[in-house]
Amino acid sequence: MFDNTKLAPPKPPPEDESWMATFADMVTLILVFFILLLSMSKIDSAKYEEVSAGMTKSLSDRKVETPIEELRQTIRDNMKGTKLDDAISIGKDSAGVSLEMAATSFYELASAEFRPEAMDTLIQLADTIKAERFNGFQIAIEGHTDDTPIRTEKYPSNWELSAARASRIIRLFEDQGINPSRMRAVGLADTAPKVPNRGPYGDPLPQNQEINRRVVVRLQPR
């Protein structure tokens, strides 16, 4: 009788997969490396949205309006016609939307009390920000002064005045229904001027000082 077992091919030796352990270790180390880089980097939200929208437009041939741009444009449209719309500069920075308000137009002199004409503009701004589609934006309000010293019973220095002006807007926004957990106030006094307060010989520059007296509202996506 013919024996078929004698014609069966020999079994191949088992494949050596020991390299997979080294490869898996290398991939894990690369992943950890990029996670560390990401944790130490500052995400530019505005730039990220621009790149994302640009890629979407290239792939689908349609224009995409990012949340940051939508908020900026909505604020710009809603501010038109208010009493102090010309005293607000609406822009965009690396974190989101920024609104710069001239303190001279919004506050009484050396005070955190609003001028009567400021209320209409600020309430309109609050109504825009509290819209449900913008609930994902955090609100940071910075108070800035010039370098002219102030010493009153209520405001012993520019630190107290700048913080009080920022906090006053926070309270108004809260009264208008904005969740306080979205907001924070920062008083910076004269530590972050836009332009020099004084000339090369120490003489005050009144126009520059007026520019530096401002409140900045920053709206940043979470």
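Predicted model: local features only at pLDDT ≥ 70, side-chain atom pairs only at ≥ 80, totals over all residues.
Residues are numbered from 1 along each chain as its sequence is written, and side-chain values use heavy atoms, with hydrogens and water left out.

**Stop 1: the whole chain**

Show the cartoon. The protein has 7 helices and 5 strands. Helices (H or I, at least four residues) and strands (E, at least two) are DSSP runs, numbered from the N terminus. Trace the elements from the N terminus: α-α-α-β-β-α-α-β-α-β-α-β. Of the 222 residues, 33% are buried. Buried means under 20% relative accessible area, exposed over 50%, and partly exposed in between (1.4 Å probe, protein chains only).

**Stop 2: the sheet**

Select the strands. They form an open sheet of 5 strands with mixed pairing, in the order E1-E2-E5-E3-E4. Which strands stand at the edges? Strand E1 (88–92) and strand E4 (183–187) do; each has a single partner strand, so one side of each is left without a neighbour in the sheet. Two strands pair if DSSP finds at least two bridges between them. Strands of a sheet pair through backbone hydrogen bonds, either parallel or antiparallel. Neighbouring strands here are turned by 15° against each other on average, direction ignored. For such angles, axes are lines fitted to C-alpha atoms (for helices over the stretch in contact), and angles run from 0 to 180 degrees between N-to-C directions.

**Stop 3: the hairpin**

Zoom in on E1 and E2. They form a hairpin with 4 residues between them. E1 pairs with strand E2 (residues 97–102) in the antiparallel sense over 5 bridges. Pick serine 89: glutamate 100 in E2 stands opposite. Now pick isoleucine 88, which lies in strand E1. Isoleucine 88 is buried, with a relative accessible area of 11%.

**Stop 4: E3 beside E5**

Select strand E3 (residues 137–144) and strand E5 (residues 214–221). They pair in the antiparallel sense over 8 bridges. Click histidine 144. Its bridge partner in E5 is arginine 214.

**Stop 5: aromatic rings**

How many aromatic pairs does a search of the whole structure find? It finds 2. Show tyrosine 107 and phenylalanine 114: their pair is tilted, 5.3 Å centre to centre, with 35° between the planes. Both residues are buried. Next, show phenylalanine 134 and phenylalanine 137. This pair is edge-to-face, 6.3 Å centre to centre, with 75° between the planes. Phenylalanine 134 and phenylalanine 137 are buried too. Rings of Phe, Tyr and Trp (its six-membered ring) pair if their centres lie within 6.5 Å; planes under 30 degrees apart count as stacked, over 60 as edge-to-face and the rest as tilted.

**Stop 6: the largest pocket**

Select Leu109, Ala110, Leu161, Arg165 and Arg213. Of the 16 lining residues, these lie nearest the centre of the largest pocket. A pocket is an open set of points on a 1 Å grid over the protein atoms alone, where a 1.4 Å probe fits, with protein on both sides within 12 Å along at least five of seven lines; lining residues have an atom within 4 Å of a point. About 260 Å³ of space lies in this pocket. That volume is the space filled by probe spheres set on the points, with grid points joined across faces, edges and corners. Colour the lining by class: 7 nonpolar, 4 polar and 5 charged residues. Helix H4 (103–106) and helix H6 (158–175) each supply at least two lining residues. H6 gives the largest share, 3 residues.

Methods. Nonpolar A, V, L, I, M, F, W, Y, C, P; charged D, E, K, R; others polar.
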